[in-house]
Amino acid sequence: MANPFIRIRNLRQSFGSQEVLRGIDLDIYRGETLVILGASGCGKSVMVKHLPGLMRPTVGEIWIGDLEITHLREREMGPVRHQIGMMFQGGALFDSMTVFENVAFPLREESDCGEEEIRTRVTRALEIVKLASHADKFPSDISGGMRKRVALARAVVDVPSCIIYDEPHAGLDPMTADTIDRLIKTLQKEHDITNIVITHEIRSVFRIADRVVFMKDGLVYWTGSPDELERTQDSHLRDFIEGNAQED
Ligand SMILES: Nc1ncnc2c1ncn2[C@@H]1O[C@H](COP(=O)(O)OP(=O)(O)OP(=O)(O)O)[C@@H](O)[C@H]1O
Ligand SMILES: [Mg+2]
């Protein structure tokens, strides 16, 4: 395979006496959809928050292309954050802002785009998630699935090369979850975006993943293809897959 786009080496993170990440090693390749699985509390969200530099590790290295980011100062993080968009767990939107303003927010905060450029980019992002006609509504006036799509538009508006989705399917009915999956694959195929998706939705894993990572107790426990996941006899993985399947 080509050189990894993102390389994580011996990533460790502790909060007080709790060691949450215990030496993560992981390569992420340009243009792939990587799905991260693992039990609640195993450190998935904490791990991905390190990639755009939202958390600093206790120990370890993170390479984004040729740049090692863990030693960068806050003001040097700008270019890294432009490359990596994030759809946060819970996808919190600002209730007092319209859909348009929610999506425009990262551009206003972290770029020097003029109003016209902002309007063009926000409209384009809302078209991708099929919400262009809802730009002037407030989050309270649209459905939960639409709010997720607004959060996705906000993650793509800065035209990143990589998007992290932290539980984009949570709380969605199966049809709306399908819509999110199609959007994730469209972004990969048509916009050449590298996708990192954390999910508990096992159906989606088999639909979108090129590669799967299973985390356990702050470590990468297993990596493989969706086919290998389906065939695995590993008891932790089987429990996880079947446990999830039963929730359907
Ligand atoms: N900022 C923080 N300060 C202290 N502890 C934290 C912080 N963020 C996360 N933790 C702890 O780190 C552990 C891992 O949390 P994390 O959010 O990564 O879990 P997760 O794998 O994403 O779980 P879930 O599937 O429920 O979202 C948890 O025990 C959590 O309480
Ligand atoms: Mg999480």
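These are my notebook entries on a predicted model of a protein with a ligand.

**Entry 1: overall build**

I started with the whole chain. I counted up the secondary structure and got 9 helices and 10 strands. Then I looked up the radius of gyration, which is 18 Å, close to the 18 Å that the globule rule gives for 248 residues, so the protein is as compact as a globular protein of that length. I also noted the span of the C-alpha trace along its principal axes, about 50 × 45 × 40 Å.

**Entry 2: around ligand 1**

Next I asked myself which residues surround ligand 1. My list has Phe15 and Val20, then Gly38, then the run Ser40, Gly41, Cys42, Gly43, Lys44, Ser45 and Val46, and finally Gln89. Which helix gives the most to this shell? I found that H1, residues 44–49, does, with 3 residues. Sorting the shell by class, I got 6 polar residues, 4 nonpolar and 1 charged.

**Entry 3: H3 against H4**

I moved on to a pair of helices, H3 (residues 99–110) and H4 (residues 115–128). Their axes come within 10 Å and cross at roughly 120°. I therefore put H3 and H4 down as oblique to each other. The crossing is right-handed. On the H3 side I found Phe100, Val103, Ala104 and Leu107 making the contact, and on the H4 side Ile118, Arg121, Val122, Ala125 and Leu126. How do the residues of this contact divide by class? I noted 8 nonpolar, no polar and 1 charged.

**Entry 4: H5 against H6**

My last pair was H5 (residues 144–156) and H6 (residues 174–191). They pack at an angle of about 15°, and their axes are 10 Å apart. That angle makes H5 roughly parallel to H6. I wrote down the crossing of H5 past H6 as right-handed. From H5, the residues that meet H6 are Gly145, Lys148, Leu152 and Val156. Facing them in H6, I listed Thr176, Thr179, Ile180, Leu183 and Leu187. By class, this contact of H5 with H6 has 5 nonpolar residues, 3 polar and 1 charged.

Definitions and conventions:
Residues are numbered from 1 along each chain as its sequence is written. Chains are lettered from A and ligands numbered from 1 in the order in which they are written. This is a predicted model: local features need pLDDT of at least 70, side-chain atom pairs count only at pLDDT 80 or more; totals for chains, interfaces and linings use all residues. Axes are lines fitted to C-alpha atoms, for helices over the stretch in contact, and angles run from 0 to 180 degrees between N-to-C directions. Helices (H or I, at least four residues) and strands (E, at least two) are DSSP runs, numbered from the N terminus. Angles under 35 degrees count as roughly parallel, over 145 as roughly antiparallel, 65 to 115 as roughly perpendicular and the rest as oblique. A crossing is left-handed if the near helix is turned anticlockwise from the far one by less than a right angle, and right-handed if clockwise. Two residues are in contact if their C-beta atoms, placed from the backbone, lie within 7 Å. Ala, Val, Leu, Ile, Met, Phe, Trp, Tyr, Cys and Pro count as nonpolar, Asp, Glu, Lys and Arg as charged, and the others, Gly among them, as polar. A residue is near a molecule or strand if its C-beta atom, placed from the backbone, lies within 6 Å of it. The radius of gyration is taken over C-alpha atoms; the globule rule is 2.2 Å times the number of residues to the power 0.38.
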